[in-house]
Every structure is written in C-alpha cells, then in structure tokens.
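Here is a friendly walk through one protein model.

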Amino acid sequence: MMTGLSAKALRLYAERGILTPASVEESSGHRRYARSQLQQGMVVDSLRRAKVPLLELAGASGFDFAQWRDKVEMARRMEDFYLDLAKRIAEFDPADLVPVAVEATALDWVGVSVELDIPDDLDGRIQTFAGLARETPQVYAAFAEALDASGVPAADTCWTGMPEGVVARPQLLMARPAPAGAVDAAQVEKHVLEATGHRTTVSTGTLPRRYEITFSAREDKRPGTDDDLVGEAASGHLHLLAFEALRRERSLALVGAGARLVVHGPSPFAADESTTPVNIFDVASAR
C-alpha cells in the first residue's frame, strides 16, 4: 500500500477493524485497498508513530486530535513531575533534615481502613486519585459520626497511615484516639457503608509509651515561600530516608507499620495552615 504500511501491520489493522480492505481474494486471502483509503492509511500510520494505542484507532476517521493532545501533554507533565521528584530524592542528604524527638505516653486508638485500588495507566490513576480526594473525607466523616454516636470523646488529633499486619491489597488507615473497648466495630462499619456506600474495616490498637520523631529542614535548606508540588510529594520519601539513616545510626525500633501523617484537628483532610500534616515516626521507648 502506498502509505508504506507493512503487510503485518495491514493484517493487524484489518483484524482489529481499523483499516478494512476494499476486497479480499477468496483463494489467496490477499487484501486489496482502494486509493480512496490512502488518506485513512496515512492517518493510521502517523497516529501509531505518535504511540496512540490500537484501541483508540478503531475510530481513526473521526479521531479527536485535540483530546489526544491534551492527554499527551498531561502525560508529559506527569513525566516531568516524576523526573523532578526522582532528582529531588536522588540528591537528598539525610543531614538536610534535623530530627526532633518527643516522649509520648501510651495512646488507645480506633481506625477505619479503605482499600486503595490504584491502576497502572495514567488516566486510571488520575481518575482514582480524584475519586479518593473526594470520597475518603466522606468516609472519615461517616466514621467520625459513628464514633460520636457511640459516645467516643471528640478528638483534636487524627492521622492516616498503613494498617498493621498482612493485607491482600494496599489500604489507607484513618484513625483517632479512642478509649479501649469503646467502639462496636460492626455498627461503625454498617454506618459508614450506609452513609457512603464504601465497605470498610474497623480496627483498634494501642500506641505504647514511645518517642515521636519528626523532622524539620535545616535553616539553610528550608524551601522558599513559593508553592512546591514536587517538594510536597517528596516530603514523605525524604522523611523516611532521614528516619532510616537515624534508625541505623541509633538502632531504633519503629512502632507500627510505618510513619503516621498526623493532623492536629478534627479531620486528617482539613486543609488550612493551622492543620498542616506532620510525618511522625513512633519509636519504642527504652523505659
């Protein structure tokens, strides 16, 4: 074909209904194309060179170029973002962060976990994270309502983190202080399901006497006042790297599954300067 498409490509496009031959010889199966299909063939070939997936080419004659260009530009921005994030992590020196340890007493808590089904493709990730940003605050609000109805005292501190133990799929734990035995887990799960449509798992536990370790940037390493999305995204990674260096140096034992992202406020999703989330690493106390 004058488009330069190979026989293998033409066969594949014919099988997928992307570029259907004008006729096919019954005896040999040889495909013939009309000159009127030249333009369509050129379009298909160029779109494939632009790395447009085959699934998007079934309607190549009515291809939405503007929409695809938006997707490509979004992908490029995401690639640039992750390159900048990787560079920030690669250049990090644990000495750039200063640890602060505060001794804390034992604390009973109750939490609710939701599964995180994060797809691999960019569009799926964007849609999933947008949904999580909208839905997880609703789940926590329903969870808090159920605790309030159970007479659990209101809390001015809450946190997110990873559930302890082995889980089949990634989960997000949302927790707050609560007296031991104060919650009927089945009733809380039922209330959250009825209020939000999400199935959740309620768990309880106790943070033992411990040291809470946080990190702050050295005076000469503090970022400027401008918004820094890469810095925000890198923060959790860099704090973890700083903690791992400190843990090895001082032979520290981490309590729990990982760092807690703690907010001093009624919800872990509050978004104002007075409720800035803080990464806290709970370390076993020697006492």
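The paragraphs below look at the packing of this predicted model.

A word on conventions comes before the tour. Local features need pLDDT of at least 70 and side-chain atom pairs count only at pLDDT 80 or more, while totals for chains, interfaces and linings use all residues. Residues are numbered from 1 along each chain as its sequence is written, and side-chain values use heavy atoms, without hydrogens and water.

Start with the largest nonpolar core, which has 20 residues. Such a core is a set of buried Ala, Val, Leu, Ile, Met, Phe, Trp, Tyr and Cys residues joined through side-chain atoms within 4.5 Å; buried means under 20% relative accessible area with a 1.4 Å probe, protein chains only. β4 (107-115), α4 (122-149), β6 (171-177) and α5 (185-196) each give two or more residues to this core, and α4 gives the most, with seven. Helices here are DSSP runs of H or I with at least four residues, strands are runs of E with at least two, and both are numbered from the N terminus.

F143 is among the residues with the most contacts inside the core. Beyond four places in sequence, F143 is in contact (heavy atoms within 4.5 Å) with V110, G111, V112, M174, V188 and V192.

Back in α4, look at T136. T136 counts as buried because its relative accessibility is 7%. Its contacts beyond four places in sequence are V114, L172, M174 and F269.

Conventions: Buried < 20%, exposed > 50% of the residue type's maximum accessible area, 1.4 Å probe, protein only.
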